[in-house]
Amino acid sequence: MTWHPVIQEDDLWEGELRGVTAGTVKIMLVNAGGRIRAFRDECPHKGTPLSDADFDGSTIVCPTHNWEFDACTGCGINPGDSQLIVHEVRVEGGTVVVCDKPSPAAA
Ligand code: FES
């Protein structure tokens, strides 16, 4: 498990979504309500990169078949039994740092 600096905190404003790479792992970052979350950049349905998703500040909508996910938890909204892969993320001195392994709670 390795932590990777990926972006400056100031470069991801509230309501923004962006794809980054943590080592070799593609990650989607969102700023929901002023807090940054990190998820695997991959829709659990057919694998579409979610860094291309629509994001209204609270809901992530996959561009391929419109599955919806809660940006705070990664839990499926529609369908409700889906789940994004969650990665731990923290801010160190203004830099966003992401773990390249899934969060144990979501592994
Ligand atoms: S690939 Fe995302 S909803 Fe189908």
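This is a predicted model: local features need pLDDT of at least 70, side-chain atom pairs count only at pLDDT 80 or more; totals for chains, interfaces and linings use all residues.

Me: What makes the radius of gyration agree with that of a compact globule?
Reply: For 107 residues a compact globule would have a radius of gyration near 13 Å, and the protein has 13 Å, so the value agrees with the rule. Along the principal axes, the C-alpha atoms fill a box of roughly 35 × 25 × 20 Å. Of the contacts between residues at least 6 apart in sequence, 39% join residues that are at least 24 apart.

Me: Which strands form the sheet of 6 strands, and in what order?
Reply: The order is S1-S10-S9-S4-S3-S2, in an open sheet whose pairing is antiparallel. Strand S1 (3–8) and strand S2 (17–22) are its edge strands, and on average neighbouring strands of this sheet are turned by 35° against each other, with direction ignored.

Me: Why are S1 and S2 called edge strands?
Reply: Each of these two strands pairs on one side only, and pairing itself requires at least two bridges between two strands.

Me: How do you know that S4 and S9 count as paired, given the number of bridges between them?
Reply: The cut-off for a pair is at least two bridges, and S4 and S9 have 2 bridges in the antiparallel sense, so they meet that cut-off. In this pairing Ala 38 stands opposite His 87 in S9. His 87 also stands opposite Pro 102 in S10, and S9 is joined to strand S10 (residues 95–102) by 5 bridges, the two running antiparallel. The hairpin of S9 and S10 has 2 residues between the strands, and there Gly 93 takes a positive phi near 60°.

Me: What is the strand order in the sheet of 4 strands?
Reply: This open sheet has the order S5-S6-S7-S8 with antiparallel pairing, and its edge strands, each pairing on one side only, are strand S5 (54–55) and strand S8 (76–78). Within the sheet, strand S6 (residues 59–61) and strand S7 (residues 68–70) pair over 3 bridges in the antiparallel sense, with Val 61 opposite Glu 68 in S7.

Me: What makes a group of residues a nonpolar core, and which residues have the most contacts inside the largest one?
Reply: The members must be buried residues of nonpolar kinds, joined through C-beta atoms within 7 Å. The largest such core has 27 residues, and those with the most contacts inside it are Ile 27, Met 28, Leu 29, Val 30, Leu 50, Ile 60 and Val 98. The elements giving two or more residues to this core are S2, strand S3 (25–32), strand S4 (35–40), S9 and S10, and S3 gives the most, with 6 residues. For Val 30, contacts beyond the neighbours within four places in sequence are with Leu 17, Arg 37, Phe 55, Ile 60 and Ala 71. In the protein as a whole, buried residues make up 31% of the 107 residues.

Me: How do you know whether Lys 46 counts as buried or exposed?
Reply: Lys 46 has 10 C-beta neighbours inside 10 Å, which falls under the limit of 12 or fewer, and therefore Lys 46 counts as exposed. Lys 46 has its place in the loop between S4 and S5. From C-alpha to C-alpha, Lys 46 and His 65 are 9.1 Å apart in space, while they are 19 residues apart in sequence.

Me: What is omega for the cis peptide bond that joins Asn 78 and Pro 79?
Reply: For this cis bond between Asn 78 and Pro 79, omega is about 5°. Pro 79 has its place in the loop between S8 and strand S9 (86–92).

Terms used. Residues are numbered from 1 along each chain as its sequence is written. The radius of gyration is taken over C-alpha atoms; the globule rule is 2.2 Å times the number of residues to the power 0.38. A residue is buried if 20 or more other C-beta atoms lie within 10 Å of its own, exposed if 12 or fewer, and partly exposed in between; C-beta atoms are placed from the backbone. Two residues are in contact if their C-beta atoms, placed from the backbone, lie within 7 Å. Axes are lines fitted to C-alpha atoms, for helices over the stretch in contact, and angles run from 0 to 180 degrees between N-to-C directions.
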